[in-house]
Amino acid sequence: MYNLGGKIKIMNIICSKQKLQEGISIVTKAITGKTTMPILEGIYIEANKEGLTLIGSDMDVSIETKVEADVIQEGSIVIDAKIFAEIIRKLPNSDVKIEIAENDLIQITCEKSVFNLVFMNSSDYPALPNINEDVTVEVPQNILKNMIKGTSFAIAQDEARPILQGILFEVKNKELNLVALDGYRLAVRSELLDLDDNIEVVIPGKTLNEVSKILEDNEEILKITFTHNHILFNVDNTKIISRLLDGKFVNYLSLLPQEYKLLVNIKKQDFQNGLERASLMAKDGNSNLIKLDVQEESLIITSNSQLGKVREEVSANLQGEGIQIAFNSRYLLDVLKNMEEEDIVIEMTSSVSPCVIKGKNGNNAKYLVLPVRLVR
């Protein structure tokens, strides 16, 4: 027995194990365990005439999802997420019955398995932010999923500049831009969409990574709503609410060079394969240093370390004068692994200037990588 809205109620529901497990899997993505509030280590479960509502939260990110269930008695409780998820996962593939037992425990029954668990009072669970869903941006799920994948690797890991631990979500001129940078590389993904709004917010990177896991590779519409402090993603039966990061994002357009002195046309996969092999010798220390010798018809990749040395040659087409330049191979590989185009171009000016990598035929992805200065 527990108190819900001032009335004593008894929860009693029946739900398929698979649907319940899917719902738990979605909401536990927001339960980090890094909280001083014990109630947030639990899943909030509410049963009403529409079925089950499950909520997980760490106060920064909250995920709510709906699960079909046969509700015999309405009510709400909070159950420890870790043990609840483990129990449901290990139950037989059958219907699960959840009800309040007489001794103030929650009873979970599935075929011949019976668990009795303590639970927490749902009235202690913090309310989710109230978000007005009148102003909405609509984006196909597969487009946003691709855009997140193509930028999230460049989020700063250093907590010294919290704003760079987020991704800029910018809507202007009927174009959606996602931008991430960490001081060593910059990733910009753009898509033309029929959007009239002007929006500029910074979303925590971990939020967008969790959103990406829930998004499907299809053209179904995802609805996104903003307030001054929060963002709401509406995906099918699931809502993801996140706080936004405070502060002004870096003026990324000022970082992108407007001109270049040489242009390299190269096959992405050939370049990536050569870099991956060369980087095997670059693992000595943390710099992952590789050198590029850009010539008229080839790009020579070399790396020397205490482990040994390597030389790779990749066919390329150079417009401009040759150049020798060095990079952290990991930064280049992160870019190449997240590009969809097979033919790419690399724009460079000097051995100490940033290079820009983009698709030969598309302009919806641009990546900037800073070189490593060599001590001569």
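**Helix packing and domain layout**

Helices α5 (residues 268-279) and α6 (residues 329-337) pack with their axes 10 Å apart, at an angle of about 150 degrees. That angle is over 145 degrees, so α5 runs roughly antiparallel to α6. The model is predicted, and the mean pLDDT of the protein is 90. The domain assignment gives domain 1, domain 2 and domain 3.

**Helices α5 and α6**

- The crossing in which α5 passes α6 is left-handed.
- From α5, the contact uses Lys 268, Phe 271, Gln 272, Leu 275, Glu 276 and Ser 279.
- From α6, Ser 329, Leu 332, Leu 333, Leu 336 and Lys 337 meet them.
- By class, the residues of this α5 and α6 contact are five nonpolar, three polar and three charged.

**Helices α1 and α2**

- Helix α1 covers residues 17-27, and helix α2 covers residues 81-90.
- Their axes lie 9 Å apart, and they pack at an angle of about 150 degrees.
- The two helices, α1 and α2, are therefore roughly antiparallel to each other.
- A left-handed crossing takes α1 past α2.
- On the α1 side, Lys 17, Leu 20, Gln 21 and Ile 24 make the contact.
- On the α2 side, the contact residues are Phe 84, Ala 85, Ile 88 and Arg 89.
- The residues of the contact of α1 with α2 divide into five nonpolar, one polar and two charged.

**Domains**

- Domain 1 spans 12-124, domain 2 spans 135-254 and domain 3 spans 256-369 in the domain assignment.
- Taken over C-alpha atoms, the centres of domain 2 and domain 3 are separated by 27 Å.
- Domain 2 gives 15 residues to the contact, and domain 3 gives 15 residues.

**Model confidence**

- In this protein, 95% of the residues reach a pLDDT of 70 or more.
- Residues 1-8 have pLDDT below 50.

Technical notes:
Residues numbered from 1 in each chain as written. Predicted model: local features only at pLDDT ≥ 70, side-chain atom pairs only at ≥ 80, totals over all residues. Heavy atoms only, no water. Axes fitted to C-alpha atoms, helices over the stretch in contact; angles between N-to-C directions. Helix = DSSP H or I, 4+ residues; strand = E, 2+ residues; numbered from the N terminus. Parallel < 35°, antiparallel > 145°, perpendicular 65-115°, else oblique. Left-handed = near helix turned anticlockwise from the far one by under 90°. Contact = heavy atoms within 4.5 Å. Nonpolar A, V, L, I, M, F, W, Y, C, P; charged D, E, K, R; others polar. pLDDT = per-residue confidence, 0-100. Domains from an automatic or database assignment.
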